[in-house]
Amino acid sequence: FAHVSSKSLPQIGYTVRFEDVTSDRSKIKFLTDGMLLREAIRDPLLRRYTVVILDEAHERTVHTDVLFGIVKAAQRKRKELNKLPLKVIVMSATMDVDLFSRYFNGAPVLYLEGRQHSIQIFYTKKPQSDYLHASLVSVFQIHQVSVYRQSPVAVSF
């Protein structure tokens with residue numbers, strides 16, 4: 001991902017502990033909840049962002065719970081200051097959506113039920129000693145088959 005971000009797609013980057021692969025041209029930034037908390041300490045309004053997506057909200061760690069409070073406060077403060085609004089998207093497969101909707105002042109809820117595309121899963125017939133080689137072989141086999149197929153394919157070893 002670092003190679004793709006920094007070379008061919010400079011508008012997409014990521015930040016993890018001890019590594020920041022972003023630039024002034026970055027439009028999309030992936031980062032851990034801990035890194036977003038660090039940014040919020042320096043800038044409680046999260047001015048660098050127009051949208052924050054909090055994924056896996058059902059995991060409910062201390063970091064994510066604090067982030068819910070931070071983004072809600074940033075939304076409120078930006079509105080008070082007539083600043084560009086901060087849009088927040090909370091995603092989860094299993095969370096209590098009514099609770100989160102109420103917390104975010106009656107925010108709308110969008111349900112996406114089930115898989116959006118059929119998925120075909122292939123398993124190896126025996127355990128693989130070289131996962132890298134087995135992955136490459138599988139990718140090439142899938143590529144040959146998927147030319148004639150419309151659905152995504154997942155591989156498990």
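Buried residues make up 22% of the 157 residues in the protein chain; buried means under 20% relative accessible area, exposed over 50%, and partly exposed in between (1.4 Å probe, protein chains only). The model is predicted, so local features need pLDDT of at least 70 and side-chain atom pairs count only at pLDDT 80 or more, while totals for chains, interfaces and linings use all residues. Residues are numbered from 1 along each chain as its sequence is written, and side-chain values use heavy atoms, with hydrogens and water left out. The protein chain exposes about 12,200 Å², computed by the Shrake-Rupley method with a 1.4 Å probe; for residues, only the protein chains shown count as cover. Carbon and sulfur atoms supply 57% of this area.

The secondary structure comes to five helices and seven strands. Helices (H or I, at least four residues) and strands (E, at least two) are DSSP runs, numbered from the N terminus. The order from the N terminus is α-β-β-β-α-β-α-β-α-β-α-β. Of the contacts (heavy atoms within 4.5 Å) with a separation of 6 or more, 50% involve residues 24 or more positions apart.

Helix α2 spans residues 33-42. Its buried residues are Met35, Leu36, Leu37, Glu39 and Ala40. They pack against strands β1 (12-16), β3 (28-31) and β4 (51-54), and against helix α3 (62-80).

Two packed helices are described by the angle between their axes and the distance between the axes. For α2 and α3, the angle is about 40° and the axes are 10 Å apart. Axes are lines fitted to C-alpha atoms, for helices over the stretch in contact, and angles run from 0 to 180 degrees between N-to-C directions. The pair α2 and α3 is therefore oblique: angles under 35 degrees count as roughly parallel, over 145 as roughly antiparallel, 65 to 115 as roughly perpendicular and the rest as oblique. On the α2 side, the contact is made by Asp33, Gly34, Leu36, Leu37 and Ala40. On the α3 side, His63, Thr64, Val66, Leu67 and Ile70 take part. By class, this contact has six nonpolar, three polar and one charged residues. Ala, Val, Leu, Ile, Met, Phe, Trp, Tyr, Cys and Pro count as nonpolar, Asp, Glu, Lys and Arg as charged, and the others, Gly among them, as polar.

Thr32 lies in the loop between β3 and α2. Its relative accessibility is 34%, so Thr32 counts as partly exposed. Not counting residues up to four places away in sequence, Thr32 touches Thr15 and Val16. Thr32 and Thr64 are 32 residues apart in sequence and 10.0 Å apart in space, C-alpha to C-alpha.
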